[in-house]
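Me: I would like to learn how to read a protein model, one feature at a time. Please give me the general idea first and then the case at hand.

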Amino acid sequence: MGEFRAMPPALAASESWPWPPIVRASAGWHLLAVAGGVLVPGATPWAIGAIVLNHAVITAAGLTPRSSLLGPNLTRLPEAAAARCEVAITIDDGPDPEVTPQVLDLLDAHGQRATFFCIAERVLAHPELAREIAARGHSIQNHTARHRHNFSFLGPRGFAAEISRAQQVLHETTGERPSCFRAPAGLRNPFLAPVLHRMGLSLVSWTRRGFDTRERSAATVLARLTRDLRAGDILLLHDGNAARTAAGRPVVLEVLPPLLARMHADGLRAVTLPEALAA
Ligand SMILES: [Zn+2]
């Protein structure tokens, strides 16, 4: 029952922020259900059912990484970037001392740029690697302080702590302040959007992902990423937590060369998120 009471006070506390329609509708739905349960004899089971259903819908939205129901969420680049034939390759969960340097060499060899959603505690473990990513023309963005597996269950304070700590570490290490955020596995709840809004961060998910932390076949990952590949796409790969091929090679290293070749053949250019979002 504690959950029923949690939402309206939180809504009241952040009036300045435009809550998404589904959250406003939820608050109204809760009030209706409670009023109905109190005022209409025998309606209590229906009221409880209505509230459970409401929470199920909100939870489902939070478990759907590309959903915009819980607030702004970038799944494609803006039209202007697409018109410039730009694609964003995003590479998560690093930096990794074995994989990341090889990823940087592959990107250099093709003259392309990527965005690295780094985990702050890994940046603290390998600060020189983070600085090299930035020095070689790529962008580092915020993927939380610790990539906690229960991230999507945190409340406003937990979100703020994880995200602001990462902002601080990334800024201090690279001199650049991230403007984009990605949640671990893309999972979240209604309290994330107002925290990002307050910190001036944009939530970025993806157009397509290859599931390359689990999938060991580079061909399968490549096929998932290049299905309907076109300008404006945001692609997701991993240099941290990378799955290994049967031969023991990190999958991302097998996927990048054919992906970059395909993009070149299609006339597409890989740019950083700040570059794609600038215009
Ligand atoms: Zn991640």
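Me: At what angle do helix α2 and helix α3 pack, and how far apart are their axes?

Reply: Start with the general idea. Two packed helices are described by the angle between their axes and the distance between the axes. An axis is a line fitted to C-alpha atoms, for helices over the stretch in contact, and the angle runs from 0 to 180 degrees between N-to-C directions. Helices (H or I, at least four residues) and strands (E, at least two) are DSSP runs, numbered from the N terminus. In this case, α2 covers residues 21-39 and α3 covers residues 44-62; they pack at about 165°, and their axes are 8 Å apart. This is a predicted model, in which local features need pLDDT of at least 70 and side-chain atom pairs count only at pLDDT 80 or more, while totals for chains, interfaces and linings use all residues. Residues are numbered from 1 along each chain as its sequence is written, and side-chain values use heavy atoms, with hydrogens and water left out.

Me: Are α2 and α3 roughly parallel or roughly antiparallel?

Reply: Angles under 35 degrees count as roughly parallel, over 145 as roughly antiparallel, 65 to 115 as roughly perpendicular and the rest as oblique. α2 and α3 are therefore roughly antiparallel. Their crossing is left-handed, a term used if the near helix is turned anticlockwise from the far one by less than a right angle (right-handed if clockwise).

Me: Which residues of α2 and α3 make the contact?

Reply: Contact means heavy atoms within 4.5 Å. On the α2 side the residues are Ile22, Ser26, Trp29, His30, Ala33, Val34 and Gly37. On the α3 side they are Thr44, Ala47, Ala50, Ile51, Asn54, His55, Val57 and Ile58. Sorted by class, this contact has 9 nonpolar, 6 polar and no charged residues. The classes are: nonpolar for Ala, Val, Leu, Ile, Met, Phe, Trp, Tyr, Cys and Pro; charged for Asp, Glu, Lys and Arg; polar for the others, Gly among them.

Me: How do the axes of α5 and α7 cross?

Reply: α5 (residues 99-109) and α7 (residues 127-135) have axes that come within 11 Å and cross at roughly 10°. That makes α5 roughly parallel to α7. Thr100, Pro101 and Leu104 of α5 meet Leu129, Glu132 and Ile133 of α7. The residues of this contact divide into 4 nonpolar, 1 polar and 1 charged.

Me: Is Thr115 buried or exposed?

Reply: Buried means under 20% relative accessible area, exposed over 50%, and partly exposed in between (1.4 Å probe, protein chains only). Thr115, in strand β2 (residues 115-118), is buried because its relative accessible area is 0%. Leaving aside neighbours within four places in sequence, Thr115 is in contact with Ile89, Thr90, Ile91, Ser139, Gln141, Thr272, Leu273 and Pro274. Ile140 is 25 residues from Thr115 in sequence, yet their C-alpha atoms are 5.9 Å apart in space.

Me: What does Ala120 touch?

Reply: Not counting residues up to four places away in sequence, Ala120 touches Thr144, Ala145, Ala166 and Val169. Ala120 is in helix α6 (residues 120-125) and is buried, at 2% relative accessible area.

Me: Which backbone angle is positive at Thr144?

Reply: Phi of Thr144 is near 75°, a positive value in a residue other than glycine. Thr144 sits in the loop between β3 (139-142) and α8 (156-174), and it is buried at 0% relative accessible area. Phe211 also has a positive phi, near 55°. Phe211 belongs to the loop between β6 (208-209) and α10 (218-226) and is partly exposed, at 30%.

Me: What kind of peptide bond joins Gly94 and Pro95?

Reply: The bond is cis, with omega about 0°. Pro95 lies in the loop between β1 (86-92) and α5.

Me: How many disulfides are there?

Reply: A disulfide is a pair of cysteine sulfur atoms within 2.5 Å. By this rule there are 0 disulfides. Take Cys118: the closest cysteine sulfur, in Cys180, is 13 Å from its own sulfur, so the two are too far apart for a bond. Cys118 is buried, at 1% relative accessible area, whereas Cys85 is partly exposed, at 34%.
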